Amino acid sequence: MSAQPHALIATFDKTPDLMRAAALVRDAGYKNWDCITPFPVHGLDTAMGVERSRVPRISLAGGITGFCAGMAMIWFLNGHDYKLIVGGKPFFSPLFAFPVSYELTILFTAFATIIGMFVLNKLPMHYHPVLKYDQIHRGLDDRFFIVIENRDPKFDPAATRALLATAGGAHITELEE
Amino acid sequence: MSADSTTATYDDAPPLRDSARAHAAHAHTGAHPASPHPRPAILDEVNPAPLPRATLIAHGCSFNWITEKICGIIEGKTPTWWWVSFLVAAFVASWTVMGLIYLVSTGVGVWGHANPVNWAWDIVNFVFWIGIGHAGTLISAILCLLRQKWRTSINRAAEAMTIFAVVCAAIFPAFHVGRVWFAWFLFPVPNSNDIWQNFRSPLEWDVFAVSTYGTVSVLFWYVGLVPDLAILRDRFFNAGKKIRSWLYGLFAMGWRGSNRHWSNYEMAYVILAGVSTPLVLSVHTIVSFDFAVSLLPGWHTTIFPPYFVAGAIFSGFGMVLTLMLPLRALFKLEDLITQYHIDCMCKITLATGTIVGYAYAMEFFIAWYGANPYEGFAFINRAFGPYAWAYWIMISCNVITPQLFWFKKIRRNTALVWMLSIFVNVGMWFERFVIIVTSLARDFLPSSWGYYSPSVVEIFTFFGTFGVFSVLFLLFIRFLPIMPMAELKAVASQAGTHAKH
C-alpha cells in the first residue's frame, strides 16, 4: 500500500459554508475528523455531531472536593488538633467554617475546570500534524478548515477528497504525519 | 452541485441551535415558503418598531482586520509614549519600593498609625484596590453569563486590571502585619508555635477570599488568552521570530482551533464565569465582614456587604473608563470600543453609583431609626465632625458625579467622561477612608479621641502603587493582546452561521 497522507484538509471562507460541509461530513459517517475555526462557531457542535462537553462533571467533582476539604481542614485545625479558645465560641461550627469552605469550593472548581478542559482536549500538545499545515495561521485568523484523518475507518484518499470537494472545500491538501 | 441542492441538504440536517430562531424569524416575515406554522392574521395589523441591535464592531471590519489590529500592537515597534510612560511609572513605583524598604528596616511605626486609629491608610488602600479589581471580574463573569456581548472589547484589559489591582491590594495587609517575613502565618502552614489560625475571624476568611480571588482571576485570564497566544505563536513563527514564537507557543499549549477543543473550552469558560460570579460577590462581602462583624458604631451594620459590592463595581468601572479611554485614543480602537461601549460603561457606573448613594442615605436613616445613640453620634460625626471635609469629597464624587451620566451629551464627550471617571476613583478612595478612620478616631472613650494624619512614608507608599499598577499594565499592553480576538470575531456580524437571504 502506498503511503497514505495523515489527513486531508480543506478550506472554507465563510461560516455558513463550513456548517453545511460539516453536516455533510458527519452524515457521511466520519468519526476522526475536525473543524479548525478561529472562534467558537455556534451550532457547529450539532453540525459536527460533537456531544455535550464532559467538563462540568470534572468541575462538580472539584467543587465538592473543595467544600469538603475546607470543612474538614477547619474542623481538624480548630476543632481537633489544637482547640483554640476564642470568645467562648464553639471549636467547630459549619457556620463559621462556611466562608472559607465556600472560597475553597470555587478555587477547586476553577482548577478542576481548567485542568479538565486541557486533559479532555489532550493539551498541551505542541506537535500536531495540523500545525504543520503552511496555512494554519489562517485557521486562527479568518479561514475555516475541515480535517479528515486517515485513521478514520471510512478514510479513502480519493473518496474523502471527493467528499470535501463536493462540500465546497477549496485548497484540499494532504497533511504529512 | 447546484446551490439549491446544497440548501436542501443543509435544511435536512437536524436543527442547529440557531436555525430554530431563524425559522421563527422567517415565520414573522413570511419569507420562508415551507414554514410549518400558519401565520396569525393579527400579525398583518402589527407594525413593529425596528429595534436594531447595537453594532459592536463598527464599519463591518473583517476577521483579518481584527487580527491585524490587535496583533499589530504587539508586533509593531515600541511607541515612544510607551517608553516615556514606562519610565514615569517605574519612577512612581519606586516610591512604593522605597517606602516598603524603609518600613521593613525601621518598623511599622513609620506609618501614621497611633491610638485610637490603628487601621488607616493600609486598610483603606487595600479595600480600595480590591474594589477596583471587581469591575474586571464583573465584566468577564457576570456580563458573560448575562450575554452582554459588548463586554468582549473590554474584558481582557479589565481582567488584567483586576489582577494588577489585587497585586497592589495584597501589598498592604502583607506589610501591615509588621513583620512581613511572618506573613505566611496567615495561611494554615504548620509552624513552630504549633498553633493554627483562628477560623472564627473574618480576617482569616479574608485571606482565603482574596487569595482565591487572585488565583481564579489569573486562571480565568489565562484561559481567555490561550487561543490568542496561539495566533501570536503562528504569526511570530511566520515572521521568523523563533524565540518569541516558542515563548507564546509554550503558553498557548499547542492550541490549534479545533472545534472539538472549542466545545470543551466554551463549556470551561462558562463554568469559570459561573464560579467567578459568586466569587466576586463574596470577596467584597467578606472584606466588609472585617468591619461589619466588629462592634464599632459605623462599622457594625448589616448593609455593608451589598453596599461594599456595589461600591466595588462602581469604583472598578471608574477605573475601567480611566484605562480604556486613553487606550482607545492611543491605539485608534474606535471601531472596537464604540460609543455604545462607553455608554454601557457609563450607565453601569451610574447605576452602581446610585446604589452607593442610596446606601449612604440608608446608613443615616438606620442610625436614626435604630435609636442607638452611639450609632447616631458616629454618623453625625462623619458628616460634621473633624473629617467632614473627607465626607463631603466622598459625597460629591460618588453621589453627584455619576448622576451626570444621565445625559447623552456628557457620555459622548470622551474627555469629560475620562475626568469624571477620575472623580469616581477619588471618591471611592475617600469612602473607605471615611468608613475606617472616622469610626476609629472617635471611639468609645472620649479621653482617647484623636486625629489621624498619614505620614510621608504612607503617602509615598500609596501613590507608588499607582506606579506599580501602571508598570504592570504597560507591560500587559505591550506583550499581550489587549482584546480577545476570538471573542471579538464571534460577535462580529459575519460570524453568523446563516448566509444572507
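Student: What is the area buried between chain A and chain B, and what share of that area do carbon and sulfur atoms give?

Tutor: In this predicted model, the two chains can be judged by the surface they cover in each other, since the size of an interface is often given as the accessible area lost when the parts come together. Carbon and sulfur atoms give 67% of the area buried between chain A and chain B, and the total is about 6600 Å².

Student: Which element gives the most residues to the side of chain A that touches chain B?

Tutor: The elements that give two or more residues to this side include α1 (15-27), α3 (55-81) and α4 (94-120) of chain A, together with strand β2 (33-36). Across the whole contact, 74 residues of chain A meet 70 residues of chain B. With 16 residues, the element that gives the most is α4(A).

Student: How many salt bridges are there between chain A and chain B?

Tutor: The residues on the side of chain A that touches chain B divide into 46 nonpolar, 15 polar and 13 charged, and 29 residue pairs are in polar contact between the chains. Over all chains the count comes to 15 salt bridges, but between chain A and chain B the count is zero.

Student: Is B:R235, which forms a salt bridge with B:E68, buried or exposed?

Tutor: The closest N and O atoms of B:E68 and B:R235 are 3.2 Å apart, and the pair links helix α3 (residues 63-75) to helix α7 (residues 202-238) of chain B, 167 residues apart. B:E68 counts as partly exposed because its relative accessibility is 39%. B:R235 has a relative accessible area of 17%, which is under the 20% limit, and therefore B:R235 is buried.

Student: Which residue meets B:D343 in a salt bridge?

Tutor: B:D343 lies in helix α11 (residues 339-369) of chain B and its partner in helix α14 (residues 408-411), so the pair ties together parts that are 68 residues apart in sequence. Both residues of the pair are buried. The N to O distance is 3.0 Å, and the partner is B:R411.

Student: Which residues of chain A are joined into one network by salt bridges that share partners?

Tutor: The link here is through shared partners, and the members of the network are A:D13, A:R138, A:D142 and A:R143.

Methods:
Residues numbered from 1 in each chain as written. Chains lettered and ligands numbered in written order. Predicted model: local features only at pLDDT ≥ 70, side-chain atom pairs only at ≥ 80, totals over all residues. Heavy atoms only, no water. Contact = heavy atoms within 4.5 Å. Buried area = accessible area lost by both parts, 1.4 Å probe. Salt bridge = Lys/Arg side-chain N within 4 Å of Asp/Glu carboxyl O. Polar contact = N/O pair within 3.5 Å; in protein donor to acceptor, adjacent residues only side chain to side chain. Helix = DSSP H or I, 4+ residues; strand = E, 2+ residues; numbered from the N terminus. Nonpolar A, V, L, I, M, F, W, Y, C, P; charged D, E, K, R; others polar. Buried < 20%, exposed > 50% of the residue type's maximum accessible area, 1.4 Å probe, protein only.
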